[in-house]
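These are my notebook entries on one protein chain.

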Amino acid sequence: MKVIYGIENYQQNDSLYLALGNFDGIHRGHKHLISTAVEKAKKNGGKSAAFIFEPHPAQVLFPEKAPKLLGNRESKTKLLEQCGLDLLIYHPFTMEIASWSPEKFVHNILINGLHIKEVFVGFNHSFGHRGAGTPEAMKQMGKELGFAVNVIDPVTIDGELVSSSLVRKLLEQGDVQHATKMLGYSPFIQGNVIHGEHRGSTIGFPTANIGIDSRYTVPAKGVYAGVVTIEGDVNRYKCVVNIGSKPTFHEIYPLSIEAHIVDYNQDIYGKTVTLTFMEKLRDEKKFASIEELLEQINNDKNTAIDLLEGVQTIRTGN
């Protein structure tokens, strides 16, 4: 998959089959839309592509109210590549673009910029100033301007409509297994290992403290069984992840994300890690003593190891 930054760097292809959307999280609904574009492009000898504004329009228009995102550009790009796309086009979203009418968006982006053959949008897709453009409006413009519009039906699982907002809600509730059903893969976060209080090492359970950009969604406070990949290391390791405010030690403390990596003791400060959440073990709790906390941490570790026994390609150490 070729990645293009800026529509001006796109070289014209007369048979471009374009998926439109923000694709936050790349859930099963997104995959269905994109796979439809990929299959049709292959059938007709064209090129499949996705077009994404970056940053997310809500972050430009309503920065204080914008929902937290489910992933960064790097993770989104990797997930989209797995969908089989030929091209991925990122383009800056600006206040000027926000002011464009639906007709101007279609002319500037779809016609003059990308010269599309067909476009693929979700049933609730909106475009143009204040989201005035609808799929039906795009269909009408397609008839007038000579491109086909494919409106993709929603995907439901167990009667629930799959959406980024639902996945976000489930993660904020700590329901990572339910979120996994909606996504089609286990949810994960990425960040750099930063210095913390170093208390874990002193009590026999060293942890990697993960710094996460506040723009991104993290699961609810609690303890999770997960796996971790570390920059420069091809292995995946079992881990126990604690998300919380350390109530045993502090009355008030900023939210922290700490991962105890099983049977691993190398220095990874400054490295990028990916934490994948497999199952929530328990809620955050304040303990009466260090001894009680240590006993619970050890129980959490053993429970996580047992839960992760069937997960492939994991090594619990070097």
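Entry 1, a parallel pairing. I looked up Tyr-17 and found that its bridge partner in β3 is Ser-48. The model I am reading is a predicted one. Five bridges join strand β2, residues 16-20, to β3, and the two strands run parallel. I then asked what kind of unit β2 and β3 make with helix α1. With α1 (residues 28-43), they make a right-handed β-α-β unit.

Entry 2, the other partner of β3. I noted that six bridges join β3 to strand β4, residues 87-92, and that this pairing is parallel. Within it, Ile-52 stands opposite Tyr-90 of β4. How many of the eight residues of β3 are buried? I counted six, so taking buried to mean under 20% relative accessible area, I recorded β3 (residues 47-54) as mostly covered.

I looked at one pair in detail: β11 and β12 run antiparallel and are joined by eight bridges. There I found Tyr-224 opposite Val-241 in β12.

I checked the span of α10, residues 290-307, against expectation. At 1.5 Å a residue, its 18 residues should span 26 Å, and the end C-alpha atoms are 25 Å apart, which agrees.

Which residues of α10 are buried? I listed Leu-293, Asp-300, Lys-301 and Ala-304. Viewed down the axis of α10, these buried residues fall within an arc of 100°, so they line one face of the helix. I set beside this a general rule: an α-helix has 3.6 residues a turn, so residues three or four places apart point the same way. On the other side of α10, I found Glu-291, Glu-295 and Asp-306 exposed. Finally, I asked what covers the buried residues of α10. The cover includes β11 (222-230), β12 (236-244), β13 (256-261) and β14 (272-282).

Technical notes:
Residues are numbered from 1 along each chain as its sequence is written. This is a predicted model: local features need pLDDT of at least 70, side-chain atom pairs count only at pLDDT 80 or more; totals for chains, interfaces and linings use all residues. Side-chain values use heavy atoms; hydrogens and water are left out. Helices (H or I, at least four residues) and strands (E, at least two) are DSSP runs, numbered from the N terminus. The expected span of a helix is 1.5 Å times one less than its number of residues. Buried means under 20% relative accessible area, exposed over 50%, partly exposed in between (1.4 Å probe, protein chains only). The arc is that of the directions from the helix axis to the C-beta atoms. Contact means heavy atoms within 4.5 Å. Two strands pair if DSSP finds at least two bridges between them. A crossover is right-handed if, with the strands pointing away from the viewer, the path from the first strand over the helix to the second runs clockwise.
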